[in-house]
Amino acid sequence: MTDEVLVISTSRLSLDCNEAFAFFIPSNTKGLKFICRESFVGGDSSYNYPLSSRYEEMDSIVVFDNVLVPWDRVFFYDNVEAADDFLNRSSFHTFAYHQVVNRQIVKTEFLLGVAQLLVEAINVGEYQHIQEKLSEIIIGLETMKALLGKSENDAELDEWECMRPSMIPLQVASNIFPRIYPRFSEIIQLIGASGMVSIPTERDFHSEIRADLEQYLQTEGMNAEDRVKLFRLAWDLTMSSFGTRQTQYERYFFGDPIRLSSSLYKNYPKAQHVEEIIKFLDLKNERTSD
Ligand SMILES: Cc1cc2nc3c(=O)[nH]c(=O)nc-3n(C[C@H](O)[C@H](O)[C@H](O)COP(=O)(O)OP(=O)(O)OC[C@H]3O[C@@H](n4cnc5c(N)ncnc54)[C@H](O)[C@@H]3O)c2cc1C
């Protein structure tokens, strides 16, 4: 939910000047329409739907139907050069990436906590393939944290005297996360196995089948009600409509991952490494590209 909508042209080579603008306007501006998807809130109970009952965020297509954008809401317009430069020179990209990588780290810590509690609840921590799967999450988490730390250690003052984190490590982290998040979600499903579907509701625990549930769904270290509570969280995180939307969201959060890696490839300074190989081989060719 937002009070304001921010619209910024994406920078690309063939930008037409009619497409080169940036502005922000209130969400209730006349003519602005939000076409929403159906809600993914499973219900009000935080026992049954621990995430979707509390953290659902809507996705919508925004339609501008004859909308008046006042001049004092326009950052620039009809300006290809500004559109091309704005996101990078203004630090928008750098600080947006920095905030997002922080968010992704916190989310990975949450996934690791859920995965480890599942392991403890069903007592499968002794199996090596389970340890390997948990290590995969730990490696992802520590890689993201190391990249965030590097971006902060390599921070420099920009031309406006603003301290900016280094962009390359943040770009690398943003390329890694859309690939590892779906795998982490899969790891939780693989550990949870049939427990991800044998998940009675809060109401069932207050009905005549309670004794059966307590008998057959308990584990060595957890009573049935708590165990189901945990498994419902794992399900809502990875398998419910809320959970699968999370996976799709992380895949596409910063745009298409293929085009993200292509942008990293194009912007990464490679010339020095190529020069070393040319020197090593004593090549005489004049180089024409980076
Ligand atoms: C849950 C969710 C929430 C989102 N929230 C926001 C948001 O708040 N704000 C926002 O701006 N965006 C948001 N997005 C949109 C997201 O940025 C886009 O999904 C992303 O940019 C990809 O665009 P697209 O979905 O139109 O896919 P398309 O561009 O149609 O791509 C579809 C497929 O074709 C391939 N493809 C298409 N063109 C090319 C090409 N030129 N080169 C190589 N491969 C290509 C892609 O790799 C992909 O596999 C959200 C997306 C999701 C899923």
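A residue is taken to be near a molecule if its C-beta atom, placed from the backbone, lies within 6 Å of it. The model is predicted, so local features need pLDDT of at least 70 and side-chain atom pairs count only at pLDDT 80 or more, while totals for chains, interfaces and linings use all residues. Residues are numbered from 1 along each chain as its sequence is written.

The shell around the ligand is formed by D59, R245, Q248, Y249, Y252, G255, D256, I258 and R259. Two elements, α8 (241–252) and α9 (257–267), each give two or more residues to this shell; helices here are DSSP runs (H or I, at least four residues), numbered from the N terminus. Helix α8 provides the largest share, 4 residues. By class, the shell holds 3 nonpolar, 2 polar and 4 charged residues (Ala, Val, Leu, Ile, Met, Phe, Trp, Tyr, Cys and Pro count as nonpolar, Asp, Glu, Lys and Arg as charged, and the others, Gly among them, as polar).

Turning to helix packing, α3 (residues 92–122) and α5 (residues 167–192) pack at an angle of about 20°, with their axes 10 Å apart; axes are lines fitted to C-alpha atoms over the stretch in contact, and angles run from 0 to 180 degrees between N-to-C directions. The angle makes α3 roughly parallel to α5, a term for angles under 35 degrees. The contact of α3 with α5 has 16 nonpolar, 7 polar and no charged residues. Helix α5 also packs with α7: their axes come within 10 Å and cross at roughly 145°. This contact is made by S185, I188, Q189 and G192 of α5 and F231, A234, L237 and T238 of α7, with residues in contact if their C-beta atoms, placed from the backbone, lie within 7 Å. Its classes are 4 nonpolar, 4 polar and no charged residues.

Helix α7 (residues 224–238) also holds D236. D236 counts as buried because it has 24 C-beta neighbours inside 10 Å (buried means 20 or more other C-beta atoms within 10 Å, exposed 12 or fewer, and partly exposed in between). Leaving aside residues up to four places away in sequence, D236 touches Y49, P50, L51, S52, F242 and G243. Between D236 and Q246, 10 residues apart in sequence, the C-alpha to C-alpha distance is 9.8 Å.

Helix α10 (residues 271–281) is, by contrast, hardly covered, with 0 buried residues among its 11. Just after α10, D282 takes a positive phi of about 55°.

Methods
Parallel < 35°, antiparallel > 145°, perpendicular 65-115°, else oblique. Contact = placed C-beta atoms within 7 Å.
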